[in-house]
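Here are my comments on the model you asked me to look over. Please read them with the structure open beside you.

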Amino acid sequence: EKLVRGQVCELLGVTEEDGIKKPIFSEPSGPVYEYENPTIRNIAKHPLQRDPWEEERVYVSESKLPQGGEGLFAKMDFEMGDIVALYNGIKIKTSTYASEHMPRSDYRIRLNGDIDMDIPNGYHRTEQYCATLAHKANHTFTPNVEWTLYEHPRFGLIRSLTAKNAIKQHEEILVNYQMCLAKSPEWYRQVWLQHMRKIKNNDDKAIKRYIDRQYELQGYRIPLPESEELNVPDPIGVDLEVLPEEYLDPNLLTDEAAIKYARTKAGLREQEEDEPRITDVTEIECLEP
């Protein structure tokens, strides 16, 4: 079921008729909300219309982390397991040409096995998009929230940040970005190296053993950063304008198109309609022993 039309109201009380309890609500007021169907082209129909539930929970301010830029902070106290913030974005069907050729972005995350989410370039700024704010949470290897799934009435299935432990009002919300270290940007590996040395108390030999072990497990070697002096560049979203227009065609973003693209990548051709699935073999050439 999708949200057709809704407004905020308050629960005033409950009545009971024939043993069935019925809630009593106030008159609805404020902005009208509807299902906004995020796609690869559209992050939201109303990108500046805040989610009223999340608006009571978090706010954006200057991060307390070195070179953190803007960060996300708690407006209230949270207990472990509470939903803290919401992460909406454009939705990208994986295993399609568009997905495989997306420009670099600092905001792309996995939603599930079939869909990734991303923030378009410019929409990472609150003056252009603030319907949800979890994309403002900064990274740490000692997070106080974790990634979870959330079914949202306006945006459908999205990601959320859930408290890993109690969080106090005005505490910064920090999440582990969970990037693949071997393919991560330089600043991420700089932060990881500091974490390994200062938090994990690992020396160079222990770090080398960890890198060797990860190479054996994953087949990727983690490159040590060229410099340990932290240098975090300004974040950027995905620039869809550099992607050829034809690959954003909805017909190329379906499940069928994804299967066809995956088959093409694997070198498998399409079977002709009149081509038999099994070819009869009438002669077998015997090889001399």
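The points below take up the packing, the cysteines, one arginine and the pocket in turn.

1. Basis of the note. This is a predicted model, in which local features need pLDDT of at least 70 and side-chain atom pairs count only at pLDDT 80 or more, whereas totals for chains, interfaces and linings use all residues. Residues are numbered from 1 along each chain as its sequence is written, and side-chain values use heavy atoms, with hydrogens and water left out.

2. Helices (H or I, at least four residues) and strands (E, at least two) are DSSP runs numbered from the N terminus.

3. Not counting residues up to four places away in sequence, Tyr87 is in contact (heavy atoms within 4.5 Å) with residues including Tyr107, Ile109, Met117, Trp147 and Ile158.

4. Cysteines. A search of the whole structure finds 0 disulfides, the criterion being a pair of cysteine sulfur atoms within 2.5 Å. Cys9 is partly exposed, at 34% relative accessible area, while Cys130 is buried, at 13%; buried means under 20%, exposed over 50%, and partly exposed in between, with a 1.4 Å probe and protein chains only.

5. Arg154. Although Arg154 sits in the loop between S12 and S13, Arg154 counts as buried at 2% relative accessibility. Its side chain reaches the backbone oxygen of Gln49 at 3.0 Å, and, leaving aside neighbours within four places in sequence, Arg154 also touches residues among them Leu3, Tyr33, Glu34, Glu36, His46, Asp51 and Ala131.

6. Largest pocket. About 1600 Å³ of space lies in the largest pocket, and of the 46 residues that line this pocket, the closest to its centre are Asp106, His139, Tyr177, Met179 and Trp187. Strand S9 (109-110), strand S11 (138-139) and helix H3 (186-199) each supply at least two lining residues, with the largest share, 6 residues, coming from H3. On a 1 Å grid over the protein atoms alone, a pocket is an open set of points where a 1.4 Å probe fits, with protein on both sides within 12 Å along at least five of seven lines, and lining residues have an atom within 4 Å of a point; the volume is the space filled by probe spheres set on the points, which are joined across faces, edges and corners.

Notes
Polar contact = N/O pair within 3.5 Å; in protein donor to acceptor, adjacent residues only side chain to side chain.
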